[in-house]
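Student: Could you walk me through how this protein packs together? I'd like to go through helices, cores and rings.
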Amino acid sequence: LNVPPTIVCQRHADARTAFDQLGGDVILKPLFGSEGFGMTRITDAALADRAFAQLERQGSVIYLQQFVPHHRRDYRLFVINDRVVASMQRVNDGWLTNVARGGRAIRFETDADMIDIALRSAAACDCLVAGVDVLIGADGKRSVLEVNAVPGWKALSATSGIDVASALIDFMESRLHSPIVDSSPVAPPSRA
């Protein structure tokens with residue numbers, strides 16, 4: 001799986017080094033975010049220094065991902081139990097394509113490669129339900145931006161015509177009626 005170079009740290013000095021290593025054009029992401037809020041593109045070293053110093057003072061994790069030049073669009077694929085049930089393309093005039101931040105959702109029919117990327121991404125994170133965000137760079141290379149373990153689906157349902165909520169309920173009901181197999185090893189009882 002191709003993922004943009006990403007560096008996570010806590011100290012200002014480490015983040016400044018990471019900024020330079022990532023080419024001086026990064027996306028600063030909150031560790032726990034939603035709908036694109038809190039994401040900032042930083043290309044100016046002085047602004048980077050101020051942001052990293054403030055985050056260090058707050059004791060925050062500094063999560064930096066190299067900016068990937070793209071065509072102002074990305075793709076959301078919704079995975080439920082090893083199946084892509086819905087997908088959409090998100091388009092915006094700027095780099096941030098989240099619908100909650102002004103992006104437009106457009107119907108998108110996935111291809112086999114995109115489905116494979118989404119399924120392998122969800123499996124790599126051990127997610128039975130996942131929103132996988134994929135970007136196609138200006139160079140044509142596909143990159144996984146993130147795997148959302150608690151993905152929203154309002155815009156996705158409206159755009160794709162798929163009732164994602166019903167698909168989730170059906171999946172959960174099927175899990176209720178299936179035996180849960182725990183494959184973790186069991187330690188022998190202690191004789192102490």
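What follows is a chat about helix packing, nonpolar cores and aromatic pairs.

Tutor: Before we start, this is a predicted model, where local features need pLDDT of at least 70 and side-chain atom pairs count only at pLDDT 80 or more, while totals for chains, interfaces and linings use all residues. Residues are numbered from 1 along each chain as its sequence is written, and side-chain values use heavy atoms, with hydrogens and water left out.

Student: OK, at what angle do α1 and α2 cross?
Tutor: The axes of α1 (residues 12–21) and α2 (residues 45–57) cross at roughly 145° and come within 9 Å, and the crossing is right-handed. Helices here are DSSP runs of H or I with at least four residues, and strands are runs of E with at least two; axes are lines fitted to C-alpha atoms, over the stretch in contact for helices, with angles running from 0 to 180 degrees between N-to-C directions. Right-handed means that the near helix is turned clockwise from the far one by less than a right angle.

Student: Which residues of α1 meet α2?
Tutor: His 12, Ala 15, Arg 16 and Phe 19 do, and their partners in α2 include Phe 52 and Glu 56, where contact means heavy atoms within 4.5 Å.

Student: Switching to rings, how many aromatic pairs are there?
Tutor: There are three aromatic pairs, meaning rings of Phe, Tyr and Trp (its six-membered ring) with centres within 6.5 Å, called stacked if the planes are under 30 degrees apart, edge-to-face if over 60, and tilted otherwise. One of them joins Phe 19 and Phe 52, edge-to-face, at 6.4 Å centre to centre and 65° between the planes. Phe 19 belongs to α1 and Phe 52 to α2, so this pair ties together parts that are 33 residues apart in sequence.

Student: Is Phe 52 buried or exposed?
Tutor: Phe 52 is buried, with a relative accessible area of 0%, and Phe 19 is buried too, at 3%; buried means under 20% relative accessible area, exposed over 50%, and partly exposed in between (1.4 Å probe, protein chains only).

Student: And which residues touch the most other members in the largest nonpolar core?
Tutor: In that core of 15 residues, they are Tyr 75, Leu 77, Val 79, Met 114, Ala 118, Val 132 and Val 134. A nonpolar core is a set of buried Ala, Val, Leu, Ile, Met, Phe, Trp, Tyr and Cys residues joined through side-chain atoms within 4.5 Å. The elements giving two or more residues to this core are β5 (73–80), α3 (112–124) and β8 (129–136).
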